[in-house]
Amino acid sequence: MSKGQRLATWLLVGGPIAVFSVWALVDNPRLYLVTLLNSLTLASLYFIVASGFTLVFGLMRNVNLAHGSLYLLGGYVGYVVARETGWWIIALAAGFLAAAVAGLLIQVLILRRMQGEDLRQTMVTIGLSIVIADFLLWIFTGQVYQMEAPEWLQGPIRGIPLIKAYSAYRLSLLGFGIAIGLFLWWLLNRTRVGTMIRAGVDDRAMLAAAGVNVNLVFAVTFMLGAGLAGFGGVIGAVELSMVPGEDTRLLLASLIVVIVGGMGSVVGAAIGAAILGLAETYGLAYAPTYSVVFTFVILIGVLAFRPRGIMGKAA
Amino acid sequence: MSAAQWRRAMNGGLAGAAARPRPASPPAVAAPVAEDPYADSDAPRWLKYLWRTLSARHVFTAALLLLLPFVASPFLTYQVAAQALIFGLIALSLSFLAGYGGMVSLAQLTVAGIAGYAVAVLGSSGTATSLGWPWWVVLPFALIIATLCATLIGWLSVRTDGIYTIMITLAIGVAFYYLVLQNYTVFNGFQGFQKVYPPLVLGINWRDPMPFYFMALFWALAGYFFIKWLVRTPFGIALQGIRDNPRRMNSLGFSVIAHRVAAYAVAGVLAGIGGILLVWYNGLITPGSVGTGWMINVLVIAVLGGMKHPIGAFLGAVVFILLQTFAIDVIDRERFNLVIGGVFLAIVLFSPDGLLGLWAKLRSRFGPNQVLTSTPTRRQP
């Protein structure tokens, strides 16, 4: 892309957004800023869930369509643990672990048997998502569960200029998102496992030839990816609520995030999550009936000009 | 398909395209021409063709399909047979794309839903926002809209290939679901449209089980034979070539993208017809009819039957609908998804080619050595 083209892209995309922002800021600054915070916090939830998805995809070329079900599983397990122990932190860990173990079982027992058959693996995960969703419906019924935020995160934070008050829990989501992002960056760039994962993303065969136990790396990555979904489930259980159907919603969000951001890239997942969060929340706030259309337009736009996503590399 | 077979098929396709620039070259060009044992008799050509290809099982199946509504109860005719034919048609559009084009599109039900919504919005229904146009305007419009949308979906998703297709089409399908769920001005939101009935034509109430069954049967057979014909035309052969090796086909001078998008358009027509029948069958359309559950069910049907032959879609649909209708007598109604998910998992895990694959395996073990599927390839569906 030449310099002129890049400038044109920025103008074309950024121009309308800038005009809208100025208008909205003058019109109702509080609404604009609250929406901004809302969208960023939603984006961090999306990022947490989608980063696991993109990690698994990047390494194994395996679209795990059961990711949404793992999210829901983590949320339910977290809810039960929080109800029994009363500790939200333990619930977080339990949600992560439950989903991670489920992911490990899926990878070791099923997906490993069909290594390299991408499409078949994807179909298996579809079947699994049906089965898991139905099991969860069986156990927890269609009732809506809402988890309570831990006490130290309940209630609003007051005294912020312009916004006045904002939910502490929602703000903490932003912190969680950033923390997970930093953790993943550290894991991928500063540890031995991360080096292996990155090497596997670039060239699986070469990694195996270098004497690394690829199956182990796959299992660890799948565990981590599934665990992140479960972790997101516990966080989302407070913010959104748990009910059958949420799995599809988060799966769709993850799909769009990684398609827009570029599959296999954690940075791309962050960018995609931010874009999706902004589009959805601003859409809901300013044009309620068409919020989905915005998301869709973004998806089409990105696919039309960057078929592999913003940060995507050619396969 | 072996390399030699390939070359022959490719050469046939190329020669046909070069020698006859007319768009509709007859299917005989690409088909391997067998020695005609009845060349000396003076029967018409089509009769000889029928005589050559027909066998006992064809006659048996045709008789069964035609006689079924006269012997079976209206419930079986309408709820089981007609529904299976409709879902078979929609699944056929998917198995054509996946089996012959190598593109697993989950958005086929969405295309069907678009056609259904077009019928409901443009035609008459129990909702005030319907425009109430006459049926002979509505139906072509609905089909055109569905085909255009299918082409657009295809154009979007063929930009990326393989595994990405499934994600993008899933995203498109779910996005459409949320669109019709949240939009009240056009799609009437959660309630959707009730009382969308087929029109009274020729004095027949097409909603009655028997006329409806024959209407569904007609379109299902039309779709089935159309696909059977299409995959042996130069276009179909080129599409299969693109499925197996896009790079090579590209360097042979075939436009990969154009062929793929055209395949989406063709599948869109089939899915659109299926969608119109489906909305008449249900008598209503709501966001639930285009939700993920049914999107995945269409995939389940196609995979269950097997994607290597057009008949697989209908086979899968019959099994699926029978399971759906009668499994609830054995188990709890709520647990139906578990059964269908389990069956789907078992099929994917143990017989990737579906019931057709099982049948072929049994035949090769017990029967004379024959190839059942029309396109034996190494690729997974």
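**Exercise 1.** Determine how helix 5 and helix 11 of chain B are arranged relative to each other.

Solution. Helix 11 of chain B (residues 256–282) packs with helix 5 of chain B at an angle of about 50°, and the two axes are 7 Å apart. Helices are DSSP runs (H or I, at least four residues), numbered from the N terminus. Axes are lines fitted to C-alpha atoms over the stretch in contact, with angles from 0 to 180 degrees between N-to-C directions. Angles under 35 degrees count as roughly parallel, over 145 as roughly antiparallel, 65 to 115 as roughly perpendicular and the rest as oblique. Helix 5 and helix 11 of chain B are therefore oblique to each other.

The model is predicted: local features need pLDDT of at least 70, side-chain atom pairs count only at pLDDT 80 or more, and totals for chains, interfaces and linings use all residues. Residues are numbered from 1 along each chain as its sequence is written, while chains are lettered from A and ligands numbered from 1 in the order in which they are written.

**Exercise 2.** Find which residues of helix 4 of chain B meet helix 5 of chain B, and classify the contact.

Solution. Helix 4 of chain B (residues 74–101) packs with helix 5 of chain B (residues 108–122) at an angle of about 135°, with axes 9 Å apart. That angle makes helix 4 of chain B oblique to helix 5 of chain B. Residues are in contact if their C-beta atoms, placed from the backbone, lie within 7 Å. Ile90(B), Ser93(B) and Leu94(B) of helix 4 meet Gln108(B), Leu109(B) and Ala112(B) of helix 5. The residues of this contact divide into four nonpolar, two polar and no charged. Here Ala, Val, Leu, Ile, Met, Phe, Trp, Tyr, Cys and Pro count as nonpolar, Asp, Glu, Lys and Arg as charged, and the others, Gly among them, as polar.

**Exercise 3.** Locate the buried residues of helix 7 of chain A.

Solution. A residue is buried if 20 or more other C-beta atoms, placed from the backbone, lie within 10 Å of its own, exposed if 12 or fewer, and partly exposed in between. In helix 7 of chain A (residues 192–202), Met196(A), Ile197(A), Gly200(A) and Val201(A) are buried. They cover an arc of only 140° around the axis, which puts them on the same side of helix 7 of chain A. On the other side, Arg192(A) and Asp202(A) are exposed.

**Exercise 4.** Describe the side of chain A that touches chain B.

Solution. Contact joins 31 residues of chain A with 34 residues of chain B. Helix 5 of chain A gives the most to the side of chain A that touches chain B, with 13 residues. By class, that side has 20 nonpolar, five polar and six charged residues.

Methods
Helix = DSSP H or I, 4+ residues; strand = E, 2+ residues; numbered from the N terminus. Contact = placed C-beta atoms within 7 Å. Arc of directions from axis to C-beta.
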